[in-house]
Structure formats: structure tokens, C-alpha cells
Amino acid sequence: VQLQAYGGGLVQPGGSLRLSCAASGSIFSINSMGWYRQAPGKQREMVAATSRGGTTNYADSVKGRFTISRDSAENAVDLQMNILKPEDTAVYYCNADVTTIWGNNFDGWGQGTQVTVSS
């Protein structure tokens, strides 16, 4: 199972960015997908996640600004980030909890994409 993340970049405070992530490989079902981030000197933290049933969770720091959406048909998840702040600067990682076609559970990570919010 592979996860490929797209998007990221440099944006001014108050701006927007959209991250996308697609899962591929021997996937039977995806139980949840989400985005995490890690800023320099800090631990990786959950930003937003969505389950197969449609439940979404957000970090308090991004509620009202970020929106996670999932395309189940494409095994993909997007993160729309609005009103970005300098403290949102981090490497963002896509995550997926997958059941493979062989019945195994796989917790996968994408390669990480840099988001920098700066004037």
C-alpha cells in the first residue's frame, strides 16, 4: 500500500492551500484517512481525520479553518486549509488505516509535504 501526497508550499498568512493524498495498492478497504503534521522541535500531531463512516475529527487549533474531505471511490483524501497562520507551518503527512486484500491491517504514511506560512 502506498500513499502519495500532493500540495503544500509557501503561502502568506491568511491564505489558503489544499493538500491531497491518494492511496493505492492491495487495498480491500480504508478504515480511516487523515492528516498529521510535525513542526520543527515538536511531536507529530493529528490535524484532521475521517473514518469510513464519515465521522470527522479536527485538532482544536484548526477547527473552523481546515476541512477534510474524502473520496472513497478514489481512496483519496483532501485537506482544504484556509486562514492559514504562521503556526500552521509544518511538514504535513497523510495517514491511512487500511485493510489489505489479504485481511491484514496496515497503517501507512505518505512522504510528507512542507507547508510554510510566512510573509
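**Group meeting: an all-strand chain**

Buried residues make up 40% of the 119 residues in the protein chain; buried means under 20% relative accessible area, exposed over 50%, and partly exposed in between, with a 1.4 Å probe and protein chains only.

A word on the source. This is a predicted model, where local features need pLDDT of at least 70, side-chain atom pairs count only at pLDDT 80 or more, and totals for chains, interfaces and linings use all residues. Residues are numbered from 1 along each chain as its sequence is written, and side-chain values use heavy atoms, without hydrogens and water.

Overall dimensions next. The C-alpha atoms fill a box of roughly 50 × 25 × 20 Å along the principal axes.

Now secondary structure. The chain has zero helices and 11 strands. Helices (H or I, at least four residues) and strands (E, at least two) are DSSP runs, numbered from the N terminus.

Four strands form it, open and antiparallel, in the order β1-β3-β8-β7. Its edge strands are β1 (2–6) and β7 (66–71), each pairing on one side only. Pairing requires at least two DSSP bridges between two strands. Between β1 and β3 (residues 17–24) there are five bridges, and the two run antiparallel. Gln2 has Ser24 in β3 as its bridge partner.

Which strand holds Phe28? Phe28 sits in β4, residues 27–38. Is Phe28 buried or exposed? Phe28 counts as exposed, because its relative accessibility is 64%.

That's my tour.
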